[in-house]
Amino acid sequence: MMPREPSCEEVMARLFDYLDQELEAPDRAVIEHHLARCHACFGRAEFERRLRARLSEAMDTPAPPRLRRRLERLLDELETANSDAQGDSPWSPS
């Protein structure tokens, strides 16, 4: 049986795992299928890919301590929000 098509919100919740190549092949295929059909999500994924490439180029310059602390705080908040939202994704056991 074919898994149901995930919503845009569900794909966006897994986007960073996808971009980091941290998904198993079946989950990756589900996201790639969605991105091939949804121009909005594809555009967001491309933006994130390009942003990451730019940030990677800028990695030679260390961030000021205040900015590092702020980013760490924001990433912690995002991680907490993502953990809370994963409860009803298509990848969760039924």
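In this predicted model, the axes of helices α2 and α3 come within 6 Å and cross at roughly 110°. Because angles of 65 to 115 degrees count as roughly perpendicular, α2 is described as roughly perpendicular to α3, and the crossing of these two helices is left-handed. The contact is made by H34, L35 and R37 on the side of α2, which meet H39, C41, F42 and A45 in α3. When the residues of this contact between α2 and α3 are sorted by class, 4 are nonpolar, 2 are polar and 1 is charged.

Two packed helices are described by the angle between their axes and the distance between the axes. As with the pair formed by α2 and α3, for which the crossing is left-handed, the crossing of α1 and α2 is left-handed. Here C8, V11, R14 and Y18 in α1 meet D27, R28, I31, E32, H34 and L35 in α2, and the residues of this contact divide into 5 nonpolar, 1 polar and 4 charged.

Rolling a probe the size of a water molecule over the atoms shows where empty space is left. The largest pocket holds about 440 Å³ of space, and it is lined by 15 residues, of which F16, D20, R52, L75 and L78 are the closest to its centre. Helices α1, α3 (39-57) and α4 (65-85) each supply at least two residues of this lining, with the largest share, 5 residues, coming from α4. By class, the lining of the largest pocket comprises 7 nonpolar, 2 polar and 6 charged residues.

The second largest pocket has a volume of about 310 Å³, and its lining consists of L55, S56, A58, M59, T61, P62, A63, L67, R68, L71, E72 and L75. The elements that give two or more residues to this lining are α3 and α4, and the largest share, 5 residues, is again contributed by α4. The lining of the second largest pocket divides into 8 nonpolar, 2 polar and 2 charged residues. L75 is among the residues closest to the centre of the largest pocket, and L75 also lines the second largest pocket.

Note on methods
Residues are numbered from 1 along each chain as its sequence is written. This is a predicted model: local features need pLDDT of at least 70, side-chain atom pairs count only at pLDDT 80 or more; totals for chains, interfaces and linings use all residues. Side-chain values use heavy atoms; hydrogens and water are left out. A crossing is left-handed if the near helix is turned anticlockwise from the far one by less than a right angle, and right-handed if clockwise. Helices (H or I, at least four residues) and strands (E, at least two) are DSSP runs, numbered from the N terminus. Contact means heavy atoms within 4.5 Å. Ala, Val, Leu, Ile, Met, Phe, Trp, Tyr, Cys and Pro count as nonpolar, Asp, Glu, Lys and Arg as charged, and the others, Gly among them, as polar. On a 1 Å grid over the protein atoms alone, a cavity is a set of points where a 1.4 Å probe fits but cannot get out, and a pocket is an open set with protein on both sides within 12 Å along at least five of seven lines; lining residues have an atom within 4 Å of a point. Grid points are joined across faces, edges and corners, and a volume is the space filled by probe spheres set on the points. Axes are lines fitted to C-alpha atoms, for helices over the stretch in contact, and angles run from 0 to 180 degrees between N-to-C directions. Angles under 35 degrees count as roughly parallel, over 145 as roughly antiparallel, 65 to 115 as roughly perpendicular and the rest as oblique.
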